[in-house]
Amino acid sequence: MKRFGNLKNKHFDAMELSGHDAILVDGESLEWLLKIQNEFNRLQAMGEDEVRYFWIEVPCGKRKSPRWYEVCTATYKSFHALRIIDGRGYYCEILNEDRGCCHRYDITWFLKPFYFAVNKLIDSIVKNTDRYNRYVAENLPYIYRRGRIKRKTLYDISPIFRVEPHVKKASIEVLQKSIAKSIPLIKSMNIRTFCHYFRVAHELFFNDEHDDSISDIDYYKDHKYGYLEDDMDVDDDDTFKKFAYDHYGELGLSRVNIHGHYLPEEEGWAIYASTSYSVYIEELLDIAVALDNAGAPLRIGDAQKILNILEEKDYVAIRTYVFHDYLNHHEEGTVIRLPYDEQCDDEGILWTREIKQKIIENAEWEPIKEVKTIELMSKIHEEDEQ
């Protein structure tokens, strides 16, 4: 599987889009798209909407390791799609119906040789499915795989991955207090109270120097345009409920949030500090300590999960795509992504090939989903019935 027809990585590079756009095809390009999908239909469906996918290996030229792509087709009623995924996020999507953000192109030049390469590869898969699955399992680089590694083990390999808030002891203490609910809540919440604690968090997050000549209300207005209107009663509890909507407590565009949150089980209002993205855990902890020192009725989102991170009791997820990684999308605390070999050992880069290899050797890896043919599935069903 060292070759994929006459296509090379430069041809796939030419197909690259922003990641949000798609290619809309008709005419001859659509004919080739449907032919490609018919080839895929020789394989067993692997998900909803007739999803079928497999890995291809594409040469990059001399002195460069080949790139691998996951190619996938899907059908829903009259809708047909071909997705080419670079293993690190979406690469491009080719559609026959405009679902928004589409650009119409004639890409016969790509789809025609892609069809013949797919035809040849699927012929090989049908002839010997086990050989194909074994080849992928043995040769797919780990940068394209998902897994996890114990946090203690990862830190032993290299300290560059360590989550280190400025004051670790204070961070652990404030997390424990949040979990134990030992910080008293307040009976009501108004805009003035909220803006005071928002300012504490915002100044720390953006390293703003505190200016006593600016009130908490004016500071909030300067940094969260449009949320606080001049006619709002900043000392009225009911007005706060109308004020608190959408991203009113977000620090910039970070998804680190400071909210006024009513907790019915505790019959009180909390200043609730949280982050959607795992990359901001250190900043969240520094903010939580500052809020606690400022006397906030504090609760911290995902406090137990974050405490497990600091106490090194959890796992670190290994993913192929970590941009905007959501803390609550996996049971592991934080995530890392393995680099390409050529990205290691460069000056100013903390990753080395030795670090990468030790992580690979010590991680737990998810199995790669195997490709099955229609004929193979029929045989399996016949054996089950006997």
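What share of the contacts in the protein chain with a separation of 6 or more comes from residues 24 or more positions apart? The share is 65%, where contact means heavy atoms within 4.5 Å. Before the views, a word on the model: it is predicted, with local features needing pLDDT of at least 70 and side-chain atom pairs counting only at pLDDT 80 or more, while totals for chains, interfaces and linings use all residues. Residues are numbered from 1 along each chain as its sequence is written, and side-chain values use heavy atoms, with hydrogens and water left out.

**Figure 1. The whole protein chain, with 13 helices and 13 strands.** Helices (H or I, at least four residues) and strands (E, at least two) are DSSP runs, numbered from the N terminus. The radius of gyration is 26 Å, well over the 21 Å that the globule rule gives for 386 residues, so the protein chain is more spread out than a compact globule. This radius is taken over C-alpha atoms, and the rule is 2.2 Å times the number of residues to the power 0.38. The C-alpha trace spans about 75 × 55 × 50 Å along its principal axes. Of the 386 residues, 47% are buried; buried means under 20% relative accessible area, exposed over 50%, and partly exposed in between (1.4 Å probe, protein chains only).

**Figure 2. Strand β11 (residues 315-318), covered on both faces.** Y315 and A317 are buried on one side, and V316 and I318 are buried on the other. In a regular strand, side chains alternate between the two faces of the sheet. Strand β7 (residues 147-150) runs antiparallel to β11, joined by four bridges; two strands pair if DSSP finds at least two bridges between them. G147 has I318 as its bridge partner in β11. Strand β12 (residues 334-336) runs parallel to β11 and is joined to it by three bridges, with V316 opposite T334.

**Figure 3. K62 in the loop between β2 (52-58) and β3 (67-76).** Is K62 buried or exposed? K62 counts as exposed because its relative accessibility is 82%. The C-alpha atoms of K62 and W109 are separated by 24 Å, and the two residues are 47 apart along the chain.

**Figure 4. E50 and E267, each in a loop.** Most residues other than glycine have a negative phi. Phi of E50 is positive, near 55 degrees, and phi of E267 is also positive, near 55 degrees. E50 lies between α2 (27-40) and β2, and is partly exposed at 40% relative accessibility. E267 lies between β8 (256-263) and β9 (268-275), and is exposed with a relative accessible area of 53%.
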